[in-house]
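User: I want to go over the charged side chains in this one. Can you take me through the pairs?
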Amino acid sequence: MNTSAEGVGALAWADADQVRLMEEKCILVDEKDQVIGSATKKECHLNSSIRNGMLHQGKLLLQQRSDKKITFPSHWTNTCCSHPVYYVDPTDTEKKVGIPDDWELEKEGNMGVLRAAQRKLWHELGIVSADVPLDKFNFITRIHYKSLDGSADGIWGEHEIDYILFITANTTVVPRENEVSDYRYVTKEELQELMATSEEKGLKITPWFKLIVENFIYKWWDAWLAGRIEDHFDRDSIHKLIKE
């Protein structure tokens, strides 16, 4: 959590010894009381920490696409979804400078795809690259997907091969207004309820996320939590999820 400087002003009035005690390291646990790390008492009690990630072990981060998006505006979907680009614009990256044009074209180790994921997590959700290192991403498989009705005017659609990546991260989410209008962390059971009741609640779900949920996500989720996600690596396949 990048909160070390946050809350300093709020403690200006406090007793010096109490301020010192706020630097004690607390034990972070998940909802089953399993130890997952540590953080200072100050970090644990900041509202920003509570809102943005602590005690979210085992949950999936979902985002609602902004109503300003050209394709699938206001739809709920997976954490982040985008495309590796042929030429990277450094102004669209966290570092701003020193990024080669062909940064996301590298195929070795799917490095271009991983760099694109890291870039868009920052661009859409404000997640810094240090919190999502490239070597912590897990490439699971690929899907071939198509939708011809991706916008309000019916002009736009999608036809693409998607790489599915998993990563576990303790991070701060700072959504960009023109990319993401809302976000939430969900358990597997909460996702099941969301998918089952989305229509009656008037919630829109992106078609690619529906396909991933219907075909894969729950078995991946169980394997991920059990530490056996590698059992589901299917990197040579391209699963055709197109209804002709």
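User: Start with Arg228. Is Arg228 buried, partly exposed or exposed?
Analyst: Arg228 is partly exposed, with a relative accessible area of 45%. Keep in mind that this is a predicted model.

User: Which side chain does Arg228 meet in a salt bridge?
Analyst: That of Asp231, at 3.7 Å from N to O. Asp231 counts as exposed because its relative accessible area is 52%, and the cut-off for exposed is over 50%.

User: How many salt bridges are there by this rule?
Analyst: The count comes to six.

User: Which residue pairs with Arg119?
Analyst: Glu104, through a salt bridge with an N to O distance of 2.5 Å. This pair links distant parts of the chain, 15 residues apart. Arg119 sits in helix 4 (residues 111–125), while Glu104 lies in the loop between strand 4 (76–77) and helix 4.

User: Are those two buried or exposed?
Analyst: Arg119 is buried, at 10% relative accessibility. Glu104 is buried as well, at 4%. Buried means under 20% here, so both values fall within that class.

User: Switching to Glu106. What does Glu106 pair with?
Analyst: The side chain of Arg115, in a salt bridge of 3.0 Å from N to O.

User: And how does accessibility look for that pair? What are the values?
Analyst: Glu106 is partly exposed at 37% relative accessible area, whereas Arg115 is buried at 14%.

User: Why can side chains like these pair at all?
Analyst: Side chains with opposite charge can pair when their charged atoms come close.

Conventions. Residues numbered from 1 in each chain as written. Predicted model: local features only at pLDDT ≥ 70, side-chain atom pairs only at ≥ 80, totals over all residues. Heavy atoms only, no water. Salt bridge = Lys/Arg side-chain N within 4 Å of Asp/Glu carboxyl O. Helix = DSSP H or I, 4+ residues; strand = E, 2+ residues; numbered from the N terminus. Buried < 20%, exposed > 50% of the residue type's maximum accessible area, 1.4 Å probe, protein only.
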